[in-house]
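I opened a notebook for this structure and wrote down what I looked up, entry by entry.

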Amino acid sequence: MTERCALITGGTSGLGEAMARRLHDAGHTVLVTHHAGSHNADHWLEDQAAQGYRFRVYEVDVADHEACQDLARQIEADGHEVDILINNAGITRDATFRKMDKGKWDDVLRTNLDSMFNMTKPFIDGMTSRGWGRVICISSVNGTKGQFGQTNYSAAKAGIQGFTKALAQEVARKGVTVNAISPGYIATSMVAAVDPEVLEKQIVSQIPMGRLGRPEEIAATAAFLCTEEAGYITGANIAVNGGLHMY
Ligand code: CAA
């Protein structure tokens, strides 16, 4: 296996952390980003190191275009060439459309969708010029099926699917694949923030497997997409949702 350098946004918790650990297990160098104030990155690094995982953490707000370009320059100055980019960082600001204000709309569109541009832009040329790359964009079941209370999030996650398919066509001949993963409801703090009664009665009851997914189940899918064997998969949107939505 060739050792690659992977960069995972929002990599210090939830799905991002699980993907970081899985790619580290696969022998890659793993860089992660986190957002200032989300939690203490030093403690997280120590905790991971105690379990045998060595990461490098960079602080960035993926909604901030200039900050992302600065981050890319810093990563290059640190001697890393990013071969694998996982656009994972995302937020929810759930509200029915009637109650949704412009702030909730903008926060979600900027963090979840503008971040695709902000983070992919500075790394894609390096991948195409070296003739190998993997871009994985974390969408959501709710980008495909829509979700009551998530007009902002569903719009952003659907946008990620379009972004993925368009970019996949542009870089296919350069050895770079671009794919989306659409998780269903996975046991992370994001899903834990949903009212437990709503989660149980309206959501888990609709999942054919009758349970939330595990972060490791998303991480395994991402790790596969990063292999050489997955080199013919591009522009795909892989559903990992326990059967909640089939397409
Ligand atoms: N379909 C139709 N009607 C619904 C409904 C549904 N799914 N859910 C609620 N309603 C009805 C209610 O019965 C209520 O009707 P009445 O006014 O006639 O009583 C009306 O709509 C208002 O609903 P709420 O009282 O629920 O509105 P609220 O403001 O209290 O709550 C909400 C809105 C916070 C968005 C809540 O509905 C909710 O949490 N929904 C779940 C959102 C969700 O799934 N988020 C996922 C987060 S995790 C994630 O996003 C990760 C991922 O990728 C999967």
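Entry one, the ligand shell. I asked which helix gives the most to the shell around the ligand, and found that α8 does, with 3 residues. Helices here are DSSP runs of H or I of at least four residues, strands are runs of E of at least two, and both are numbered from the N terminus. I noted that α7 (189–192) and α8 (196–203) each supply at least two residues of that shell.

Before going on, I recorded that this is a predicted model, in which local features need pLDDT of at least 70, side-chain atom pairs count only at pLDDT 80 or more, and totals for chains, interfaces and linings use all residues. Residues are numbered from 1 along each chain as its sequence is written, and side-chain values use heavy atoms, with hydrogens and water left out.

I found 18 residues around the ligand, and Asp94, Lys99, Ser140, Tyr153 and Tyr185 come nearest. A residue counts as near if one of its heavy atoms lies within 4 Å of the molecule. I sorted the shell into 8 nonpolar, 8 polar and 2 charged residues. In this sorting Ala, Val, Leu, Ile, Met, Phe, Trp, Tyr, Cys and Pro are nonpolar, Asp, Glu, Lys and Arg are charged, and the others, Gly among them, are polar.

Entry two, polar contacts (pairs of N or O atoms within 3.5 Å). I found a polar side-chain atom of aspartate 94 at 2.7 Å from a nitrogen atom of the ligand. A side-chain N or O atom of serine 140 is 2.7 Å from a ligand oxygen. For glutamine 147, the distance from a side-chain N or O atom to a ligand oxygen is 3.4 Å. The ligand taken alone exposes 1,100 Å², of which the protein buries 58%; these areas come from the Shrake-Rupley method with a 1.4 Å probe.

After α4 comes glycine 131, with a positive phi near 80°.

I counted 11 in the structure, each a side-chain nitrogen of Lys or Arg within 4 Å of a carboxyl oxygen of Asp or Glu. One joins the side chains of arginine 4 and glutamate 228 at 3.0 Å, N to O.

Key
Polar contact = N/O pair within 3.5 Å; in protein donor to acceptor, adjacent residues only side chain to side chain.
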